[in-house]
Amino acid sequence: MNSISIDNLLLLTDPIIVDIRASYYYGLGHIKGAISIPYYNLLSNYSHYLNKHDNYYLYCDSGDQSREIADRLRKFGYKTTSIEGGYLEYERLLGKTW
């Protein structure tokens, strides 16, 4: 299992952050710079959205779903890391910054 804390994520230069929550929730607020690829879209068509050369940092609300899908995608050869605590942890640490 690969995971990263919000604090360590913020130290990275230009990470590719993927919000796997439903588009509706992305619209209500998301981690700065994140792209929206809802869970089921990503899971059913991952090769359309990802390549095997880049590193991707995935999050959901609490980190559970993103951990699960990051693990699955790593088995297929993708470089994926789950963001610990998900969006709720981001919001708790940084407040609403959008």
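Author: What follows goes from the overall fold to the sheet and then to a few residues. This is a predicted model, in which local features need pLDDT of at least 70 and side-chain atom pairs count only at pLDDT 80 or more, while totals for chains, interfaces and linings use all residues. Residues are numbered from 1 along each chain as its sequence is written, and side-chain values use heavy atoms, with hydrogens and water left out.

Reader: Okay, how many helices and strands does the protein chain have?

Author: The protein chain has 6 helices and 5 strands, where helices (H or I, at least four residues) and strands (E, at least two) are DSSP runs numbered from the N terminus. Read from the N terminus on, the elements come as β-α-β-α-β-α-α-β-α-β-α.

Reader: What share of the residues is buried?

Author: Of the 98 residues, 37% count as buried, meaning under 20% relative accessible area, with exposed being over 50% and partly exposed in between (1.4 Å probe, protein chains only). As for contacts (heavy atoms within 4.5 Å), residues 24 or more positions apart account for 60% of those with a separation of 6 or more.

Reader: Switching to the sheet, what is the strand order?

Author: It is an open sheet of 5 strands in the order E1-E5-E4-E2-E3, with parallel pairing, and two strands pair if DSSP finds at least two bridges between them. E1 and strand E3 (35–36) stand at the edges with a single partner strand each, so one side of each is left without a neighbour in the sheet.

Reader: Which strands are joined to E5, and by how many bridges?

Author: Strand E1 (residues 3–4) is joined to E5 by 2 bridges, with Ser3 opposite Ser82 and Ile4 opposite Ile83. Strand E4 (residues 55–59) is joined to E5 by 4 bridges and also runs parallel to it; there, Tyr56 stands opposite Thr80.

Reader: Is E5 (residues 79–83) mostly covered or mostly open?

Author: Strand E5 is mostly covered, since 4 of its 5 residues are buried.

Reader: Something else: where is Asp14, and what is its phi?

Author: Asp14 is in the loop between helix H1 (6–9) and strand E2 (16–19), and its phi is near 50°, a positive value in a residue other than glycine. Most residues other than glycine have a negative phi. Asp14 counts as exposed because its relative accessibility is 70%.
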